[in-house]
Amino acid sequence: MKTCPHCHIQVGGNAAYCPLCQNRLSGPDDAPWWPKITPRVRRFGMLFKIVAFLLLAANVVAGAIDFLLVEEPHRHESLLMLVWVIAILLVLRSLLRRRYNGPRQVFQLLLLVSALLIFTDWFHGYTGYSVDLVIPILCSVTLVCNFIFAFWRSRFTQNALVYMLLNIGIGVLPYLLLLFQVGTGRVDARSMPWVICLIISVITCLGLIIFQGRALRSELEKRLHM
């Protein structure tokens with residue numbers, strides 16, 4: 001039976017982390033309490049292979065047209081298409097495996113899409129639409145989704161601290177950008193999406209503190225052993 005070095009409790013089964021403090025357990029594994037369930041990555045493996053084959057085949061056709069049939073000079077759009085295809089396949093595989101939690105998956109998806117948008121913008125000569133408009137909109141949507149998830153189901157509410165920290169982390173980005181622009185005197189109408197994102201971050205954090213104060217307090221006591 002496994003033991004938590006922090007809470008000093010014994011946990012049966014083959015769990016890897018303590019259910020109270022989320023620290024790693026020590027000791028040998030016991031027999032699992034629940035029957036083994038076939039992962040969705042196996043059940044939907046054929047679906048993933050079909051989608052991967054179709055997307056990569058389309059990319060090969062686009063690459064052949066791009067490099068062999070279209071005269072130079074031009075941007076090789078097939079390379080940009082390949083980057084997006086790889087990103088889509090990674091996200092699809094992660095969703096099929098279902099080895100994730102909601103907040104982390106949303107945050108990772110935000111980072112991936114933001115990087116792809118910046119790369120796409122740079123690939124086409126960088127006009128700034130990705131950083132000035134699209135990414136702050138995505139950050140605002142992520143903040144609102146995290147706020148809604150914190151009230152959706154009880155198991156989400158138990159991790160209210162995670163949502164608040166994510167909202168604070170996402171809200172730091174517009175604050176730093178706006179602080180940099182204020183220091184250089186470049187604040188203009190293009191900064192408005194980031195201002196709105198910063199406002200949404202503060203409002204959602206206040207909402208979590210007001211409506212989920214007890215859950216946040218219990219999370220702090222549990223994780224900090226107070």
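## Overall contacts and fold

The model is predicted: local features need pLDDT of at least 70, side-chain atom pairs count only at pLDDT 80 or more, and totals for chains, interfaces and linings use all residues. Residues are numbered from 1 along each chain as its sequence is written, and side-chain values use heavy atoms, with hydrogens and water left out.

The protein chain has 9 helices and 2 strands, taken as DSSP runs numbered from the N terminus (helices H or I, at least four residues; strands E, at least two). Along the sequence the pattern reads β-β-α-α-α-α-α-α-α-α-α.

## Confidence

The predictor's confidence in each residue is given as pLDDT, from 0 to 100. Its mean over the protein chain is 77, and 76% of the residues reach 70 or more. Where pLDDT is low, the predicted coordinates should not be read in detail.

## Surface and burial

The accessible surface of the protein chain (Shrake-Rupley method, 1.4 Å probe; for residues, only the protein chains shown count as cover) is about 14,800 Å², and carbon and sulfur atoms hold 69% of that area. Of the 226 residues, 30% are buried, meaning under 20% relative accessible area, with exposed over 50% and partly exposed in between (1.4 Å probe, protein chains only).

## Helix H2

Helix H2 covers residues 45-69. Its 25 residues should span 36 Å at 1.5 Å a residue, and the end C-alpha atoms are 35 Å apart, which agrees; the expected span is 1.5 Å times one less than the number of residues.

The buried residues in H2 are Gly 45, Phe 48, Ala 52, Asn 59, Gly 63 and Asp 66. Asp 66 counts as buried because its relative accessibility is 7%. Beyond its neighbours within four places in sequence, Asp 66 contacts His 74, Arg 75, His 76, Glu 77 and Ser 78.

## Nonpolar patch

Val 61, Ile 65, Phe 67, Leu 68, Leu 69, Val 70 and Leu 79 form a nonpolar surface patch with about 680 Å² of accessible area together.

Terms used
Patches are made of residues with over 30% relative accessible area and no salt bridge: like charges are joined within 9 Å, nonpolar side chains (Val, Leu, Ile, Met, Phe, Trp, Tyr) within 5 Å. A salt bridge is a side-chain nitrogen of Lys or Arg within 4 Å of a carboxyl oxygen of Asp or Glu. Contact means heavy atoms within 4.5 Å.
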